[in-house]
Each structure stands twice: as C-alpha cells, then as structure tokens.
Amino acid sequence: MYKYVIRRMLLVIPVLLLSSLVVFGLMRVMPGDALTALMGESGNVGEKELAKLRKDLGLDRPYHEQYALWVWQMVSLNPGHSIFTNEPIAVSLKKAIPVTLELASLAMIIGIVIAVPVGVMSATRQDSASDYVGRVIAVSGLSFPEFWLGTLVITFAAIWFHWIPPIGYVSLWESPWKNLQQFLIPAAVLGFRLSAATMRMTRSTVLEVLREDYVRTAWAKGLEGRIVVYKHALKNALIPVVTIVGGQLGVLLAGTVVVETIFALPGMGRLTVEAILFRDYPVVQTNVMLVAATLVTLNLVVDLTYAWLDPRIRYR
Amino acid sequence: MRSDTPGRIRPSRLNRREFVRISAAGVGASALIAGGRRPAAAAASPYPDWLPASTKPPKRGGVLTRASAWDPPVIDPRHTQSVGLFQFAGLTSNRLVRHPFSDEATNPNDLTLKGDLAESWSANADHRVWTFKLRQGVKWQNVAPLNGRELTAADVKYCYEAYAKEGVQAFTFQEIEGMETPDKYTLRVHLKTPNTLFPQNVAEHVAIIFAREVLEEDGDLKKRLIGTGPYILKEHTRKVRVVLQRNPDYWDKGRPSIDEYVILSTPDDATRVAAFRTGQSDIIWRASVSDVEAIRKTNPNVQVQAYSNTLAPFGVALAQDRPPFNDVRVRRAISMAIDRQKQVDTVFEGHGILGWGVPYIYYQDTPPTAKDLGPWWQFRPAEAKKLLAEAGHPNGFETTLFYYEYFPQMSSQVQLVQQDLKKHLNINVKITKLDYTGYYGRYVDSKWAGMSWGFQSGHAVGLDERTYMYMHSKSTKNFFRVNDPIIDELTTKLRRTPDRAEQRAIAKKIVDREYDQVLRMWMPYDNGFLVFQPHMRNVAAGALRRTDGYGCPTIARSWIDK
C-alpha cells in the first residue's frame, strides 16, 4: 500500500512538470502581454517606457530563464506577484480558494444527494414511472449547460419572485445566512449538472449488482429490501460511482468558472479567466498548477477509496 | 405623473411590435418632410434625452448601489484610464476644472467649464501661460497620511509632474514646460506651445489630483486612492465591491447627499438586469429599446434617459500608410460600398448613429446627417466600384481585418462590412477575432497591415483631445495612423484660436477634411439608455460622461428620494 502511494506520488512529478511546460508555453504563444492589457485604451505609452516596465517585470528575459525562475518560485511555495494588480498571488488565492471550495463542496453534496437516491430508486423500480422521471432528470442535467441554466434561474427568480441571491460576496464567517443565500442556488445549478452523470452511473451499477448471486442470496435469506439494497448492493455498486465523481471534479472546476461569473462570486474560476484575458502569466500558471495538483491528488484519493469500498482490492 | 419625478415615463406599455410600428411611422413621416430622402440614421426614441433636476431640496442619506460590469484592475490613475477606475475615481478626487453637473446643466450637451479645485483660471496673451487660482480651505480627506491637511498649489504641481513623468497621461502633460507656485493657492503653468484648450485637458475625467504622500510612501498608487473628493474610498475588494463613504469634511458644504455608494462587481449582463429588477442596483445601462421595454415590464416606474452619442468610438481603421489604402480613391471606394444605414436598421434596431469621430457639438448644433458626412459616406456601390477600378483594382483584392468584440453587435457589423465589400467591390476580407489583450496589443502597435476595427479612447470630452491628440501625426494616440499635413495644421491652429466661433469653424474644417479624405472610416454606433430606479434624483448623464461611467462625479449632486 505505502509503496503504491509513494510510486503514485513520484508519478505526480512528471505530470506536474509537463503541465507546467504546457501552461508556460501556451501563455507565451498567446498574442499580447500583461503590460498591453494594463495600459488600457490609452496607447500613449512610449516604447522606452514599455521596455522599462517589461524589464521591471522580468518579461524581457529569455523564456528559459523566466520558466526556471517560476519553477523555483513554485517549489519554494512563493508564486510571486500578479503582474496586473501587483497583489501577491498567495493573497489572491487565499481569497479565491475558499469561495470555489465552498461552491464546489456544496455542489458536490447537492449532486450526490440528488444522484444516489434517484439512481437507486430508478434501478430498484426499473421501467416504472419514477424510473422514467429519474432518467429524464439525468438527461436534462447532461443537456443543460451551466451558463444557460444559471442565466435562466437568475432571470426568472428576478421576474417571478423579485429576488436573486445577494450580490457582493460575504464570507461564511461574516454572515452565514447571507453566505448561504449567495451559494445555495449557484451550487444547485452546478450540482444538478453534476448529479446527472452520477445518477446514470448509480442506476446502471445498482442494476448490475442487484443481479449478482450474493444479492440473490440476501433476498433468499429474507432480508428487508432496504437492507439488501443499501447495505449489500449499494456499497459494491459505488466503485464506478466514486470513479465518476472523481472524474467529475474537473468538470466541476470548469463549471465554477461560468457559475462564478453569473452569480458574481470571486472564486478561482473568475481569477483564472481574468488572468488569462490579461496575460497575467504568474497567476494563470500558479492557478493551473494548483488545479493540476488538486486533480492528481484527488485521483489518488479516489483510487485509495476503492480498497475501503471493496476489501478484495489490494494495492501493490 | 409627479412633477418631481424627472423623466418618469407614462405607463404606455408599448410592446416591441407596436414600438417598431410607431417608429417606422415616425421615420416615414420624417422622410416625407425631408422630401422623401432616406432617413438619416436614428429612429426617434420614445424616451427623453434629458432628466431635469429635481425642484425639491435634496434629502440626506441612503445607500446608492450599482451592479457594474467593470472592475478596476489597479487604482493608479497614472497607469490606467480604464472606466473600471474612473467609474468612481471622480468621486474620491477632484480635478482643477470640471464639466457641469446635471443640476447645473440644462441639456446633455452643455460642456461649459466650471471650477472644481480651481476657482478661476486665465491665460496670458498667447495662451502659453495659464494661471489657476485654487479654492482656499480645500482639505484632503481625513485619512492617514493626509489627515485632512489643506490642499495647496504645490500638490497640483507635483501631481501634474508625476503624470508627465510616466504612465498613460504622459503625452498630455508633457506639453507642460514648467510650473510655478507664486503662493499657496496659485498655480502657473507654462506650456511648450500655445494652447487655448488647455483647461479642457485638465478637465478630463482622468486628470484627477492624487495625494503626493501616498505616492511617496508606497512608490505607486495601486493600493490607496486618497483625494479631496466628496467620497472616501472605504473598501476596494477586487471582483467583489467598491465602497465609497461620504466625506464629512468635503469642501462643498452640505454635499454629497448620499451616505454611501456601493459598486458591486457583476460581470454577467443577465445578473445586472436581475439585480436592477430586484432593487439591488439603482442604475443600469441598456443598449436597445427592447431591452428597456423588457425591464419596464417588471419595473414600470423606472426613469429612462435616452443617451444620444455625440460620436462613434469605433470605425474601420486602414493601414493608410501603405498600399492599397494609401490611395484616397481606395478609401473612398470602400467607404461608399458600406451600407451604414443597414447597420443602424438591423444591428441597432434603428436607434443608432451613422458614425463620426469628433463630437458634433463642437462644430454644429444637430447630429450630422448622411448628407453632412459628404459624398464618400453615402452608400453608392456602383460609383464605389468605378472608383476602385480607377485606383487600379477592378477585380478587388484580398485583405485582413482583426477585431475584438467590445459588444455583441460588433461581430454583426464586422460581418456586414465583409459582405458589403465582397458583394460590391470583390474585396475579400479575412476576419480574425481576437481577445482583448491580443487585439489591443496589435492595434496600438500600429504595425499591422490591412484593416482593423479601430477605436478611439472613450474617456475624452475635450475638443483638443478629440482632435489634436487623436489626429495629429505626431501624437501617440493617433491610432488610425492619420498623417495629413492639413489636419496637422488645422489641429495646431485650433489650439491657438481662443474665439469660440472660430474654434467651431476650424473644428468643422477638420471634420470636413477627415470625411473628404476618409482618414478614419467611422462605423455606426448605438445610442443607449440609462435606466434609473424611480427614487433617484439629479442623475442625468451629460454628453460624453455617463453617470455610470466617467461621468460619476454627478453622483456628488444626486440624492435618493425615499
């Protein structure tokens, strides 16, 4: 087990290195730089001054030097400052991460809370009306993109109820009630989409497991249906579901970009998109590396969860 | 309708179909009156273009909130002219000279200069030396390190020197040769060349006076913005909010009326509309009549001001320093092959302007018609083809056009131009759509070939900025690459002409030359609408200064009638 974990962690290094090269390269290939964006629509900045600013920000150095410096900064856990705002990136992340974390966690909870019971119900009542309803919900979740659903929700909430989540982010510690009002609807929008794939997977795996011999044995022993489904079948059916949930994290993070924009939440998504638009190299690179590291770690956690769910699984 | 509710619209409940019908009837009638010629550009707006000031005494208190698309990247006025900063910087800080507020002006086009920090100003005979007499007793905001000390002429001198030294305003302030402060309240500015329009330049929204101590302590102005203005910057959390709190020691006693102004960063348009509908936002900009009507269905009592643009900020910029665009016949042919009225009718729902670059209010009383723009601006495809053939391109040519989609309608405009040029001149335009930074970097670099969907900066109000600064061949803001000796001569002459009537005559000559040589090929632009909650007072936007943008200082005179 430990060997497996260590081996997997060592594999993280080339993955992160490759990611760093890709993001660094892509940012340099894009036309324009942060200075151009920063100057706004004035244009009356002389070449000399631009050159001076470029030098001050280290943008005039050869690419390999810029890359080496950045990698060193990342390794020493000091990602530097935003070119655009001059704010330390660590400070920006400290503000943005809790927002995205809260949104993603709530969305994940909502997604699972919807997906697993509906999936189980669909499976246990296959081809019934409730199964069809569950499947329609799942297909809808897959079909409606977040930007559409989010825009629709906020528009019709305003027209029908004369209410929308309060704009202007407030942290959970400042005002839990206001914070909850701000997060619940965006999390539901994200969670609904997330629930679709999870629900479909839950349904199909539960259906499959319900046909296994040991489940038949459980029925034959005269166990209650609830115990057969939730204690014996569901746990074994969850392995592919956990894989799907783990895989959905990437989708979830991508979804937060749109949802954070619609609901005016200052999370990682908005931070990254803005940084890309303004060629804020250090911010984009740091954010991408952070997301890459998070996904790699979560994938490892998902893999390790298999052993807990199914004791037959051994890591070598 | 209450007399103290300026601009409130009677609940006529026009639907879109009725509106189009009525507009069409109106346009038809105008066309008949005009002898059957094609309507100029804009359909009549069902909303007033001016909201008169309230006759009631202002009430103190309340919080004004606005969901805003813009988020200031930095708050250093030396390094940005972005509306993100100047949607509130005009409230934290003052300028030497300003334009009239909505409760002082009688119409949106009133640009009479008023004293802001300066009580009076005068020039010597040749307009090279300008003397500004400052108000006495103006105090910086009571925030460390200023702690409410008195503003002096030395502060203004320091500030202008800093602007000239580096940043986006350097070109403007580098025309200052030197400054002296004979006493605490007098600033004498010596210019390198005569400029009768210099007070207009220091009245620009971006020419705010910042605090010397902050720049000296921090080395930049990125973290703190302290001024002498009616509001103190209490909070600036990027991507969340800007909070401005009433300055109790403001020199204009009794003002401002509103206690707090909160700008909420709201990047999504649908969310801004929802925020307005639910009362979380008090001001919103809408681009079209149908957008306004949609809001009025849920909020029938809102106040609407039709905002008529006095210029078009966008146009087709040609690489006119190289073939084929250095041939005036090619430029004229292209201009004649573009159906601008079609763009107004289809893209802007009939509520737009044909496009011109210098604010018309500086040279005539009414917006230019197609006829005023001259022969090369009429849609005459047959003559365009003939002219292009004369220029040696009977079979057209290939070219490129890059642009950034500043607003959704722009892509439609670009495609219509592409269609027109292909159809009428056989010019194949390969379009490249870029993101902002990619576009901006390439555009201002001024080394591109072919075409670009060009812009002129949005903040400027003054005539000098809109002529000399944007069109003189030596100016770093001359994005359209105008290089015309007559324009250089006229724009320089304009700066040396103190008489208003003569200024108007010269400005007219400049635009006539611009139209004749098609130096900047302006494209249609929309007239929009400012929508206010029913309880807002004295919020009307003036020409070139929208209340929700660069014209924010007007909020110093606004109040909430609740």
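Select chain A and colour it by secondary structure: from the N terminus on, its elements run α-α-α-α-α-α-α-α-α-α-α-α. That is twelve helices and zero strands, where helices (H or I, at least four residues) and strands (E, at least two) are DSSP runs numbered from the N terminus. This is a predicted model, in which local features need pLDDT of at least 70 and side-chain atom pairs count only at pLDDT 80 or more, while totals for chains, interfaces and linings use all residues. Residues are numbered from 1 along each chain as its sequence is written, and chains are lettered from A and ligands numbered from 1 in the order in which they are written.

**Chain A as a whole**

Along the principal axes, the C-alpha atoms of chain A fill a box of roughly 85 × 60 × 35 Å. Of its 316 residues, 38% count as buried. A residue is buried if 20 or more other C-beta atoms lie within 10 Å of its own, exposed if 12 or fewer, and partly exposed in between, with C-beta atoms placed from the backbone. Among contacts in chain A between residues at least 6 apart in sequence, 75% join residues at least 24 apart; two residues are in contact if their C-beta atoms, placed from the backbone, lie within 7 Å.

**A helix pair in chain A**

Next select residues 268–277 and 281–309 of chain A, which are helices α11 and α12. They pack at an angle of about 140 degrees, with their axes 8 Å apart. Axes are lines fitted to C-alpha atoms, for helices over the stretch in contact, and angles run from 0 to 180 degrees between N-to-C directions. That angle makes α11(A) oblique to α12(A); under 35 degrees counts as roughly parallel, over 145 as roughly antiparallel, 65 to 115 as roughly perpendicular and the rest as oblique.

Show the side chains at the contact. From α11(A) come Met268(A), Leu271(A), Thr272(A), Ala275(A) and Ile276(A), and they meet Val283(A), Val284(A) and Asn287(A) in α12(A). The residues of this contact divide into six nonpolar, two polar and no charged. Here Ala, Val, Leu, Ile, Met, Phe, Trp, Tyr, Cys and Pro count as nonpolar, Asp, Glu, Lys and Arg as charged, and the others, Gly among them, as polar.

**Where chain B meets chain A**

Now bring in chain B. The contact between the chains takes 44 residues from chain B and 41 residues from chain A. On the chain B side, the elements that give two or more residues are α5 (170–173), β10 (260–265), α8 (269–277) and α14 (436–445). Of these, α14(B) gives the most, with seven residues. By class, this side has 18 nonpolar, 16 polar and ten charged residues.

Stay with α8(B). Seven of its nine residues are buried, so it is largely enclosed by the rest of the structure. The buried ones are Thr271(B), Arg272(B), Val273(B), Ala274(B), Ala275(B), Phe276(B) and Arg277(B). They pack against elements of both chains: α7 (146–161) and α10 (225–262) of chain A, and β1 (63–68), β11 (283–286), α9 (289–298) and β20 (528–532) of chain B. Just after the helix, Gly279(B) takes a positive phi of about 85 degrees.

**The four-stranded sheet**

In chain B, select the open sheet with the order β4-β5-β7-β6 and antiparallel pairing; two strands pair if DSSP finds at least two bridges between them. Its edge strands are β4 (118–123) and β6 (176–183) of chain B, each pairing on one side only. The twist averages 20 degrees from one strand to the next. β6(B) and β7(B) (residues 186–191) pair over five bridges, and Asp183(B) stands opposite Thr186(B).

**The five-stranded sheet**

The next open sheet has the order β16-β15-β17-β13-β18 (chain B), with mixed pairing. At its edges stand β16 (428–434) and β18 (521–522) of chain B, each with a single partner strand, so one side of each is left without a neighbour in the sheet. Strands β13 (residues 314–318) and β17 (residues 451–455) of chain B pair in the antiparallel sense over five bridges, and Val316(B) has Trp453(B) as its bridge partner.

**Last stop: Ala460(B)**

Ala460(B) lies in the loop between β17 and α15 (463–471) of chain B. Is Ala460(B) buried or exposed? Ala460(B) is buried, with 25 other C-beta atoms within 10 Å. Leaving aside neighbours within four places in sequence, Ala460(B) is in contact with Glu204(B), Glu465(B) and Arg466(B).
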